[in-house]
Amino acid sequence: MCDESRKHGSGGSIRGIQQWSFGAYPIMIPKIHPDEVIDFMNIDSTDFGSFTLAQRIRHFEVEGYVVLPDMLDAEHIARLKAELADAPMAPKPYSEYQTTGAKQPQWISRSAAELIGHPPMIEFFTELMGPDIVFTRGFFQRTHPGSPGISMHTDGQPHGSSIFDYEGSSPRLLRVLYYLDDLIPKRAPFRLIPRTHLSFHAQASPYVRYKSHPEEITLCVKAGSAVIIPSTLFHATHPNTDSSPRELIQFGYRPAWAGPIQPMKEWDAELVDNAPEQAKPFLQSLNTTGGVWGLEHKPKGMKTEAQGINPSRWSD
Ligand SMILES: O=C(O)CCC(=O)C(=O)O
Ligand SMILES: [Fe+2]
C-alpha cells in the first residue's frame with residue numbers, strides 16, 4: 001500500500017537540519033530528536049479495497065481499525081485543502097511543527113461541513129452504529145516536516161480528561177481520519193496497536209501513553225482514504241521526515257445513546273442553522289443520550305431480534 005514514488009526535490013544535511021531544495025528554494029527540515037525516533041515499522045498490507053461490508057465491520061470491531069480507501073477523489077481533496085489553506089493554526093505544546101486548527105474545520109470550510117454527512121461514510125456508519133448518529137468534534141491538523149511523532153494514546157478517557165474533555169467519556173465513540181496527503185513511510189504514517197480496545201488489562205488503561213510497542217503496525221494509506229478507529233484503540237504516528245506537510249481532517253461520531261458523563265457545551269445554534277443540509281442530522285445536541293437511571297426489569301415492548309448485535313454480523 002505504501003507509495004514511495006513521490007519524491008520531493010533533493011536533500012542533504014547541515015548541522016542537524018535536513019536541507020531540501022525545490023529548484024532555487026532551499027527548504028530546511030529540522031532533524032527529529034533521537035528520543036523521538038521509532039526505528040521500526042510493521043507496515044500493514046491488508047487489501048482493504050476488497051473488503052465486503054461484513055469484513056469491514058469485523059475488522060473495525062475486532063482488530064480496532066478499518067481503512068475505507070478512495071473516500072475522497074482528487075477534486076474533493078483539492079477543494080478541502082484550498083478552503084482550509086488559511087485556517088488559523090496553533091502549534092502543539094511538544095512541537096511547533098505539529099499544528100492543529102484553532103477552530104473546528106467545519107466552521108471554516110463549507111466542504112468540511114458537508115463532509116460530516118459524506119454519503120458513503122454515512123452508509124457505512126448506519127450499518128455499524130444504526131441510523132441515529134451524533135457528530136462530536138472536528139479537527140484539522142497540518143503535520144509539518146520536522147514534526148516528531150504522536151505518542152501512543154487513546155482518543156477517549158471514560159472519566160473525561162484535559163485533552164479530550166467530556167467528549168472522550170462517551171462509552172461508544174469513533175474517530176474517522178480523512179488523510180489529504182499520501183501517508184508514505186517518511187510522511188508521518190499512522191501507527192496503531194490492534195485489538196487494544198478489547199483488552200481488560202490495566203496496561204490498556206486509556207489514561208496511559210506509550211512511546212512505541214513491539215506489536216504496533218503502521219498504515220501507509222493513499223490520500224483520500226479514511227481510517228476509522230474506536231476511541232479506545234491505542235494509536236500514534238511516526239515523525240514527518242519528508243519535505244512536505246501532511247494534512248488530516250478528523251471527525252468524531254457516536255451512536256446517539258452513548259452520551260458523555262458530564263454536560264458538554266452545545267454547538268452555536270447559528271452555526272448549526274447555517275450548516276449544509278447533509279450535515280444537520282449529525283449536528284444534534286452534544287448531550288444527546290440514552291442514559292436513564294431508573295430501569296425496569298421487564299419494560300413494555302421488549303423486542304425479540306436486533307441485527308446490530310447478531311454474532312453472525314461478521315459473515316456475509
Ligand atoms: O495525525 C494522525 O494521523 C493521528 C492524530 C491523532 O491521533 C490525534 O490527533 O489524536
Ligand atoms: Fe488520536
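# A walk around ligand 1 and beyond

Visitor: Which residues are around ligand 1?
Guide: Bear in mind that this is a predicted model, in which local features need pLDDT of at least 70, side-chain atom pairs count only at pLDDT 80 or more, and totals for chains, interfaces and linings use all residues. Residues are numbered from 1 along each chain as its sequence is written, while chains are lettered from A and ligands numbered from 1 in the order in which they are written. A residue makes the list if its C-beta atom, placed from the backbone, lies within 6 Å of the molecule. Here those are Gln-141, Ile-150, Asp-155, Leu-177, Phe-190, His-235, Thr-237 and Leu-248.

Visitor: How does the shell around ligand 1 divide by class?
Guide: Ala, Val, Leu, Ile, Met, Phe, Trp, Tyr, Cys and Pro count as nonpolar, Asp, Glu, Lys and Arg as charged, and the others, Gly among them, as polar. On that scheme the shell has 4 nonpolar, 3 polar and 1 charged.

Visitor: At what angle do the axes of α1 and α4 cross?
Guide: Helices here are DSSP runs (H or I, at least four residues; strands are E, at least two), numbered from the N terminus. Axes are lines fitted to C-alpha atoms over the stretch in contact, with angles from 0 to 180 degrees between N-to-C directions. Helix α1 (residues 53-63) and helix α4 (residues 119-129) come within 11 Å, and their axes cross at roughly 65 degrees.

Visitor: Is Asp-70 buried or exposed?
Guide: Asp-70 sits in the loop between β4 (66-68) and α2 (74-84), with a positive phi near 55 degrees. The cut-offs are 20 or more other C-beta atoms (placed from the backbone) within 10 Å for buried, 12 or fewer for exposed, and partly exposed in between. Asp-70 has 12 such neighbours, so it counts as exposed.

Visitor: And Ala-188, buried or exposed?
Guide: Ala-188 also has a positive phi, about 50 degrees, although it is not a glycine; its place is the loop between β8 and β9 (190-192). Because Ala-188 has 29 C-beta neighbours inside 10 Å, it counts as buried.

Visitor: Which residues does Thr-100 touch, leaving aside neighbours within four places in sequence?
Guide: Thr-100 lies in strand β6 (residues 95-101). With 16 other C-beta atoms within 10 Å, it is partly exposed. Its contacts are Met-89, Ala-90, Lys-92, Phe-139, Phe-140 and Gln-141.

Key:
Two residues are in contact if their C-beta atoms, placed from the backbone, lie within 7 Å.
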